[in-house]
Amino acid sequence: MINLQPVRRTDATELIAGNLASRNHHHPWMRNFTDLAGFEDWFGNLQSSASQALVVRDTESGKIAGVFTFSQIFMKAFCSAYLSYYNMVHLAGRGLMTEGLKQTVAYGFREIGLHRIEANIQPDNLRSLALVERAGFHKEGFSPRYLFINGDWRDHERWAIINDQ
């Protein structure tokens with residue numbers, strides 16, 4: 001079971017520690033903040049209406065299991081956002097991120113009013129691809145050299161889910 005809630009500044013210490021412990025787990029797909037300055041930069045970007053982040057907490061331990069971030073939220077005729085996410089190694093493999101992603105998608109549709117949510121994932125990140133597929137996302141395409149991560153332009157698969165209601 002999980003609890004999904006907006007990230008708070010008071011989550012900084014736990015997120016920093018989790019990111020430090022999970023560095024090898026996330027390599028080579030991403031690099032997260034690992035100090036307070038990095039957290040403040042990331043958190044500061046969330047203070048606009050174009051981004052929102054949610055933490056997934058394991059209800060049993062109360063610990064953060066992962067983070068989901070909506071970015072480039074654009075409403076009007078588009079009603080779309082990009083979704084990025086990562087988990088914490090100490091709670092990996094327990095299904096918490098699957099439940100978290102399903103609840104995050106519902107939050108995006110219901111609370112934000114999104115019609116479309118897109119996730120871009122490196123083709124070798126098999127666990128992440130399986131996660132979005134379990135949550136009902138569909139592969140839309142392939143974007144060569146899409147994002148600059150860890151010193152290189154990385155290819156990504158484009159996955160999306162549409163609110164059909």
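In strand S2, Ile2 has Asp58 as its bridge partner. This is a predicted model, in which local features need pLDDT of at least 70, side-chain atom pairs count only at pLDDT 80 or more, and totals for chains, interfaces and linings use all residues. Residues are numbered from 1 along each chain as its sequence is written, and side-chain values use heavy atoms, with hydrogens and water left out.

**Exercise 1.** Find which strands pair with S2.

*Solution.* 
- Begin with the terms: strands are DSSP runs (E, at least two residues), numbered from the N terminus, and two of them pair if DSSP finds at least two bridges between them.
- Strand S1 (residues 2-6) is antiparallel to S2, with 5 bridges.
- S3 also runs antiparallel to S2, joined by 6 bridges. Here Leu54 faces Phe68 of S3.

**Exercise 2.** Work out which strand gives the largest share of the lining of the largest pocket.

*Solution.* 
- The lining of the largest pocket has 49 residues; Trp29, Met30, Ser84, Tyr85 and Tyr86 lie nearest its centre.
- A pocket is an open set of points on a 1 Å grid over the protein atoms alone, where a 1.4 Å probe fits, with protein on both sides within 12 Å along at least five of seven lines; lining residues have an atom within 4 Å of a point.
- The largest share, 6 residues, belongs to S4.

Definitions and conventions: Helices (H or I, at least four residues) and strands (E, at least two) are DSSP runs, numbered from the N terminus.
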